[in-house]
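These are my notebook entries on one chain and its ligands. I looked up the fold first, then the core, and then the surroundings of each ligand.

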Amino acid sequence: MNTQTIRVNEIFGPTIQGEGALIGQPTVFVRTGGCDYRCSWCDTLHAVDSAYRDDWHPMTPAAIMMQVEILSGHCPLTVSLSGGNPAIQPLGGLIDLGRKEGYRFALETQGSIARDWFRDLDVLTLSPKPPSSGMVTDWQKLAECVEAAGPSTQLALKVVIFDENDYAYAREIASRYPQQSLYLQPGNHTPPAPDQEDGVIDMAGIMDRMRWLIDRVTTDRLYSATVLPQLHTLIWGNLRGV
Ligand SMILES: C[S@@+](CC[C@H](N)C(=O)[O-])C[C@H]1O[C@@H](n2cnc3c(N)ncnc32)[C@H](O)[C@@H]1O
Ligand SMILES: Nc1nc2[nH]cc(C(=O)O)c2c(=O)[nH]1
Ligand code: SF4
Ligand SMILES: [Mg+2]
């Protein structure tokens with residue numbers, strides 16, 4: 001039995017996947033605590049800022065799966081692993097255990113740490129960070145993450161866009177990885193504070209950005225891109241745990 005523990009911030013659902021390749025699909029989220037990045041606009045700081053680490057609890061794969069099974073009513077679905085950066089955690093044992101029980105696994109990471117167990121995922125979403133985040137992309141690490149997905153894991157690239165510089169960055173991603181599916185997501189400039197369970201969201205402003213982004217993509221004929229909002233924020237705003 002795998003007893004290596006995973007630092008878990010929250011397990012919630014079933015809800016719908018609000019972003020990217022699996023948008024709209026029922027899923028349970030397992031959110032790990034801790035991140036090697038500090039994006040200026042991160043909407044999940046309670047799983048990033050170590051000031052909140054008292055809310056991150058070590059759990060075994062078996063304990064996590066027990067929680068997932070209760071939430072899913074013992075009916076297998078896709079488990080979405082997010083964070084923080086879930087690639088920091090030893091998730092291979094959890095994925096093995098859950099897959100034996102018929103669950104599928106998707107993971108969201110920024111592409112800064114590659115793991116050999118990426119090849120055991122059903123879907124790997126790499127979300128490299130554009131200039132507005134304040135982070136600098138390590139292109140070698142990103143390439144290692146793409147490589148680690150192997151032949152059987154579906155790969156998706158997802159870039160959050162706030163402005164022209166971010167859009168130029170997304171185009172750079174598209175030209176480096178022309179064969180991969182690319183999702184563009186308008187940024188939420190009103191993310192919740194880490195101590196907020198909810199918080200005011202400027203949805204009109206985000207929809208303005210969405211229209212601008214659609215205009216950019218169609219004008220440039222960047223037809224390889226899929227432009228999607230964060231569906232969960234459209235429905236629930238900045239509410240946590242949905
Ligand atoms: C909270 S992150 C956690 C996983 C991983 N650290 C990452 O960034 O991919 C999940 C997704 O939310 C996106 N995200 C974070 N803050 C956002 C914001 N203010 N507006 C839009 N998307 C955001 C990230 O870019 C990422 O694609
Ligand atoms: N419904 C829903 N969809 C999501 N897609 C990515 C999320 C994340 O925070 O990683 C997220 C989330 O927190 N909720
Ligand atoms: S990499 Fe993801 S979790 Fe980490 S700070 Fe950036 S958006 Fe937040
Ligand atoms: Mg989120």
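**Entry 1: the chain overall**

I began with sequence separation: 73% of the contacts in the chain with a separation of 6 or more are between residues 24 or more positions apart. I took two residues as in contact if their C-beta atoms, placed from the backbone, lie within 7 Å. The model is predicted, so local features need pLDDT of at least 70 and side-chain atom pairs count only at pLDDT 80 or more, while totals for chains, interfaces and linings use all residues. Residues are numbered from 1 along each chain as its sequence is written, and chains are lettered from A and ligands numbered from 1 in the order in which they are written.

I find 6 helices and 9 strands in the chain; these are DSSP runs numbered from the N terminus, helices being H or I of at least four residues and strands E of at least two. The radius of gyration is 17 Å, close to the 18 Å that the globule rule gives for 242 residues, so the chain is as compact as a globular protein of that length. That radius is taken over C-alpha atoms, and the rule is 2.2 Å times the number of residues to the power 0.38. Along the principal axes, the C-alpha atoms fill a box of roughly 55 × 40 × 30 Å.

I then looked up burial: 38% of the 242 residues count as buried. A residue is buried if 20 or more other C-beta atoms lie within 10 Å of its own, exposed if 12 or fewer, and partly exposed in between, with C-beta atoms placed from the backbone.

**Entry 2: the nonpolar core**

Which residues have the most contacts inside the largest nonpolar core? They are Phe105, Leu121, Val159 and Leu184, in a core of 43 residues. Strand S7 (residues 154-161) gives the largest share of this core, 6 residues. A core here is a set of buried Ala, Val, Leu, Ile, Met, Phe, Trp, Tyr and Cys residues joined through C-beta atoms within 7 Å. In soluble globular proteins, nonpolar side chains tend to be buried together.

Beyond its neighbours within four places in sequence, Leu184 has contacts that include Val159, Ile161, Ala170 and Leu213. I also checked Leu94, in helix H2 (residues 92-100). Leu94 is buried, with 29 other C-beta atoms within 10 Å, and touches Ile6, Pro61 and Ile64 when residues up to four places away in sequence are not counted. From Leu94 to Phe105 I note 11 residues in sequence and 9.6 Å in space, C-alpha to C-alpha.

**Entry 3: ligand 1**

Around ligand 1 there are 19 residues, of which Trp41, Asp43, Thr44, Ser127 and Asn188 come nearest. I counted a residue as near a molecule if its C-beta atom, placed from the backbone, lies within 6 Å of it. Strand S5 (104-109) and S7 each supply at least two residues of this shell. By class, the shell has 5 nonpolar, 11 polar and 3 charged residues; Ala, Val, Leu, Ile, Met, Phe, Trp, Tyr, Cys and Pro count as nonpolar, Asp, Glu, Lys and Arg as charged, and the others, Gly among them, as polar.

Ser127 lies in the loop between strand S6 (123-126) and helix H3 (139-148). Is Ser127 buried or exposed? Ser127 is buried, with 20 other C-beta atoms within 10 Å. Leaving aside neighbours within four places in sequence, Ser127 is in contact with Glu108, Gln110, Lys158 and Val159.

**Entry 4: ligand 2**

The shell around ligand 2 includes Gln17, Gly18, Phe29, Ser82, Glu108 and His232, and divides into 3 nonpolar, 6 polar and 2 charged residues. Gly18 is placed in the loop between strand S1 (6-16) and strand S2 (26-32) and is buried, with 22 other C-beta atoms within 10 Å. Ser82 lies in strand S4 (residues 78-82). Ser82 touches Phe29, Arg31 and Glu108, residues up to four places away in sequence not being counted.

**Entry 5: ligand 3 and the record**

Ligand 3 is surrounded by residues including Cys35, Cys39, Cys42, Gly84 and Gln110. Gly84 lies in the loop between S4 and H2 and is buried, with 27 other C-beta atoms within 10 Å.

In UniProt, an unreviewed entry lists Trp41, Cys42, Asp43, Gly84, Ser127, Pro128 and Lys129 under "binding site". I note that UniProt positions are in the numbering used here, that feature names are shortened, and that annotations may be inferred rather than shown by experiment.
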